[in-house]
Every structure is written in C-alpha cells, then in structure tokens.
Amino acid sequence: MKIEMILRNGQSVTIRSLAENDLEEIMDLQEKVIASLTVTSFLQPLSEEEFSFILNGNGSMIGAFHADRLIAFRAMLEPEIDEHHLGKDAGLPDSELPSVLYSEITNVDPEYRGNSLQRILGEILMENVDTERHRYVFTTVAPFNIASLKDKFALGMHIISLEKKYGNLLRYTLMKDLRAPEKLGNLNVVVDMSDVMEQQSLLNDGWIGVGLEEDDGTWKVKFQKNK
C-alpha cells in the first residue's frame, strides 16, 4: 500500500504499510508523543516487542511520512485469545473470537496535529480489513479522552461497556461489526460522562454509546436503544 496526499497544512505526505525495519522510527515517535502529553494515562504505550509482534504478521500498521520522516502511525492487532479478550465484553462466543481485531495505538507527531491524521489513518485501516477473515473491531478508550472518543465514533464504533481494565483504569470498550453495522436505535438518552454508575446501568440494560455532546463545558455521552 502506498498513498500520496496533501495535508490540511499544505504539506505532502506518503502513507504506506510499516515493517520491522521501521521499528526504530516508530519507537522514537512514540517517545516524542509521550513527552508531549499532559495526561499520560490516556495513552497505553506499546513495547518494542509488542510493535514487533504486530509487524510480523499479527495485525497491520501504517504510517504517514513527510520528507521521509515518520510523522504518524496507527496499528491494528490480531489479539491473542485469553481471559481478557475484548470480544468477551460483547458476549461473543469463543468461535467468533478469532475474527476480532483491536484498533490499537495511534501516535501523531505534535508538530503535525490538526491535520486529521488519526482519522485518515483509521479510515484507511478500516477500509483495508479483510472482512472474510475479520468481522469485529474492538478498542478501549479512557473517559474524557475526547479526541480519541470522537475518532472512534467517526469510524462507526460504539460503546458497549465501561469497566476497569489494565489494572485499575476505567475504560470504555467500543466495537464495530464490519459485516452488520449497528442500526441506530429509536430511544435516546444523554448522560454526563462523569456519571459512571448511570452509564454502566444503561450499558447493562442494552443501551449503546453512539456519540458525544458538549453542554456549557460539560461532556455528555449519547446513548441509544431500540424499543
């Protein structure tokens, strides 16, 4: 895969698949992104071994280059099937767990933010999933990581749970069915993002989170459910 495009800022970039020989640049960019963050708990960085696992046939990873410099990357992972598999959050049977992909880490060089690179790379990865092999895409996002939540909703994902993961960190689990996209419900409710118990109650009752609203500086989650 090789795609040439012009960014919002007028700079030209090349988007291509990444390989093992890109690993040093990947790690350098991740370190630069971590150093720029004010809320480090929003990012679950990957180790060199985890990146190598993806690059060696256990998922897909693409990067954007400007003047031969890696300025953004995004990854999808074919996860190992264990007791923490996100497909279990959605109640998928064991037979369907091999058809799950994880939308993994995205890093964008701070100097190139504001060019929709996260969304662009996400759309390209989604469009290139082999839907004969993979049906579901899952991910986790921290509450109040607004940019990441907006990104996942724009890709057609929806919230299915809000639970503690990775030790003791509260996370939304989101998913997308690539073969049967979720139909919008006809019942709607909006809940403050800070109201964890109300959101968990709705999710346990079959509602799904489908979007965000901002009301006088307060972020709210939109939930839908069919009658």
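A: In this predicted model, T106 sits in strand β5, which covers residues 100-108. T106 has a relative accessible area of 16%, which is under the 20% limit, and therefore counts as buried. Its side chain makes a polar contact, at 3.2 Å, with the side chain of R74. When neighbours within four places in sequence are set aside, the residues in contact with T106 are F73, R74 and Q118.

One of these contact residues, F73, leads on to the aromatic rings, of which the structure holds two pairs. F73 pairs with F51 in an edge-to-face arrangement, with 5.6 Å from centre to centre and 90° between the planes. Because F51 belongs to helix α2 (residues 48-55) and F73 to strand β4 (residues 69-77), this pair ties together parts that lie 22 residues apart in sequence. Both partners, F51 and F73, are buried. The other pair is formed by Y136 and F138 and is tilted, with a centre-to-centre distance of 6.5 Å and an angle of 50° between the planes; Y136 and F138 are likewise both buried.

Turning to strand pairing, β1 (residues 2-6) and β2 (residues 12-17) run antiparallel and are joined by five bridges. Within this pairing, I3 stands opposite I15 of β2. The hairpin made by β1 and β2 has five residues between the strands, and there G10 adopts a positive phi near 90°. Strand β2 is also joined to β3 (residues 59-66), by four bridges and again in antiparallel fashion, and here I15 stands opposite A64 of β3.

Y166, although not a glycine either, has a positive phi of about 55°, and it is placed in the loop between β7 (158-165) and β8 (169-177). With a relative accessibility of 43%, Y166 counts as partly exposed, whereas T106, where this account began, is buried.

Conventions. Residues numbered from 1 in each chain as written. Predicted model: local features only at pLDDT ≥ 70, side-chain atom pairs only at ≥ 80, totals over all residues. Heavy atoms only, no water. Helix = DSSP H or I, 4+ residues; strand = E, 2+ residues; numbered from the N terminus. Buried < 20%, exposed > 50% of the residue type's maximum accessible area, 1.4 Å probe, protein only. Polar contact = N/O pair within 3.5 Å; in protein donor to acceptor, adjacent residues only side chain to side chain. Contact = heavy atoms within 4.5 Å. Phe/Tyr/Trp six-rings, centres within 6.5 Å; stacked < 30°, edge-to-face > 60°. Pairing = 2+ DSSP bridges.
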